[in-house]
Amino acid sequence: MTKILVTGATGVVGKSTIEHLLKKNVPASQVIGLARNKEKLKDLAAKGVEIREGDYLDYNSLLRAFEGVDKIMLTSAIAFTDRFTQHYNVITAARQMGVKHVVYMSIMRKEGSGRIMSEVTESDLFTEQVLKSSGLDYTVVYHPPFADLLSAYYGPNPYENGINVPAKNGKMAPATRDELAEAHAEILSTPGHENKTYSLGASHTISFSEIAKILSGLKGEPVSFNTITAEEYMDGIVGQGVPRHVAEFITGWVLAIEGGEFEHQSGDLERLLGRKTKTFKELMEPTLV
């Protein structure tokens with residue numbers, strides 16, 4: 001009986017990973033969710049999933065939580081926190097408690113790219129190095145931007161405001177958080193993924209200018225597309241009340257998209273899911289029609 005623990009179980013990706021494990025007929029008794037607050041996961045507990053309390057920054061809590069666990073899905077810590085310490089603690093505690101296999105979700109990087117995305121790249125590289133040198137079996141899954149959150153980059157009212165970004169025709173291969181979580185569940189619940197890396201780019205690529213055309217076609221209303229400077233883009237975000245350091249972080253993602261950082265399509269996600277991923281049009285159609 002393999003015990004699988006998923007960290008970050010109160011977040012969308014972590015919780016969806018657990019739900020997909022159950023859909024794949026992994027017995028609930030073999031699935032554990034890790035959360036700082038157990039009360040937030042009463043719905044999963046009601047399905048028979050064991051919920052254990054633990055905090056990435058509380059090493060002893062991780063030792064207790066990892067007892068008897070065989071596999072861990074390390075859901076990466078959020079930006080603007082000490083990701084270095086948090087991820088190091090999880091991997092080190094896993095090794096100490098006899099965990100066999102850790103799966104880590106990293107951010108996709110273009111091969112040979114020297115781009116450093118603030119709050120992301122350096123801690124990802126560090127985590128991958130720690131994991132690969134830990135002696136544990138590992139799997140690294142590289143995430144593209146989330147297709148269901150692309151409006152975070154182009155704004156909530158494109159029909160009124162248009163899409164105004166520091167980008168032209170740079171493409172990305174975004175996947176939904178649910179699709180990525182399903183891929184996690186496939187890796188956690190089936191053999192043969194040890195010491196491998198998967199690049200989870202989606203089946204289709206898209207640019208911000210194409211997003212404008214698709215949105216326009218779906219409602220029959222024009223969505224203008226304008227390339228602006230990074231500074232203008234940042235100022236616009238700050239003008240909405242967002243702190244400047246967060247605006248800089250968001251801008252960094254758009255510039256990386258324009259630079260093709262997330263364009264690679266390895267086919268790994270399709271193979272793990274056994275189907276093509278949703279297109280942006282398929283994703284948006286139900287919300288607009």
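This is a predicted model: local features need pLDDT of at least 70, side-chain atom pairs count only at pLDDT 80 or more; totals for chains, interfaces and linings use all residues.
Because ten of its 13 residues are buried, helix 8 is largely enclosed by the rest of the structure. The helix runs over residues 177-189, and its end C-alpha atoms are 18 Å apart, in agreement with the 18 Å that 13 residues should span at 1.5 Å a residue.

An unreviewed UniProt entry lists residues 3-275 as "domain: NmrA-like". In the model, this span is 41% helix and 16% strand, and its end C-alpha atoms lie 27 Å apart.

The largest pocket has a volume of about 1,200 Å³. It is lined by 39 residues, of which Ser76, Ala77, Ile78, Ala79 and Phe146 are the closest to its centre. Two or more lining residues come from each of helix 1, strand 2, helix 4 (83-96), strand 5, helix 6 (151-154) and helix 11 (244-258). By class, this lining comprises 23 nonpolar, eleven polar and five charged residues.

The second largest pocket has a volume of about 350 Å³. Of its 20 lining residues, Tyr153, Tyr154, Gly155, Ile237 and Gln240 are the closest to the centre. At least two residues of the lining are supplied by each of helix 6, helix 7 (158-161), strand 7 (163-165) and helix 10 (230-238). The lining of the second largest pocket divides into eleven nonpolar, eight polar and one charged residue.

One cavity of 30 Å³ or more is present in the structure. The largest cavity has a volume of about 40 Å³ and is lined by Ile107, Met108, Arg109, Arg115, Met117, Val120, Thr121, Asp124 and Glu261. Four of these lining residues are nonpolar, one is polar and four are charged.

Side chains of opposite charge can pair when their charged atoms come close. The structure holds 16 salt bridges. One of them joins the side chains of aspartate 43 and lysine 15, with an N to O distance of 2.6 Å. Aspartate 43 lies in helix 2 (residues 42-46) and lysine 15 in helix 1, so this pair ties together parts that are 28 residues apart in sequence. Aspartate 43 is partly exposed, at a relative accessible area of 36%.

A salt bridge also links lysine 100 and aspartate 70, whose closest N and O atoms are 3.0 Å apart. Since lysine 100 is located in the loop between helix 4 and strand 5, and aspartate 70 in the loop between helix 3 (59-65) and strand 4 (71-74), the pair ties together parts that are 30 residues apart in sequence. Aspartate 70 is buried, with a relative accessible area of 15%.

Glutamate 270 and lysine 276 form a further salt bridge, in which the closest N and O atoms are 3.4 Å apart. Glutamate 270 is partly exposed, with a relative accessible area of 28%, whereas lysine 276 counts as exposed at 54% relative accessibility.

Glutamate 119 is partly exposed, at a relative accessible area of 31%.

Conventions. Residues are numbered from 1 along each chain as its sequence is written. Side-chain values use heavy atoms; hydrogens and water are left out. Helices (H or I, at least four residues) and strands (E, at least two) are DSSP runs, numbered from the N terminus. The expected span of a helix is 1.5 Å times one less than its number of residues. Buried means under 20% relative accessible area, exposed over 50%, partly exposed in between (1.4 Å probe, protein chains only). On a 1 Å grid over the protein atoms alone, a cavity is a set of points where a 1.4 Å probe fits but cannot get out, and a pocket is an open set with protein on both sides within 12 Å along at least five of seven lines; lining residues have an atom within 4 Å of a point. Grid points are joined across faces, edges and corners, and a volume is the space filled by probe spheres set on the points. Ala, Val, Leu, Ile, Met, Phe, Trp, Tyr, Cys and Pro count as nonpolar, Asp, Glu, Lys and Arg as charged, and the others, Gly among them, as polar. UniProt positions are given in the numbering used here, feature names are shortened, and annotations may be inferred rather than shown by experiment. A salt bridge is a side-chain nitrogen of Lys or Arg within 4 Å of a carboxyl oxygen of Asp or Glu.
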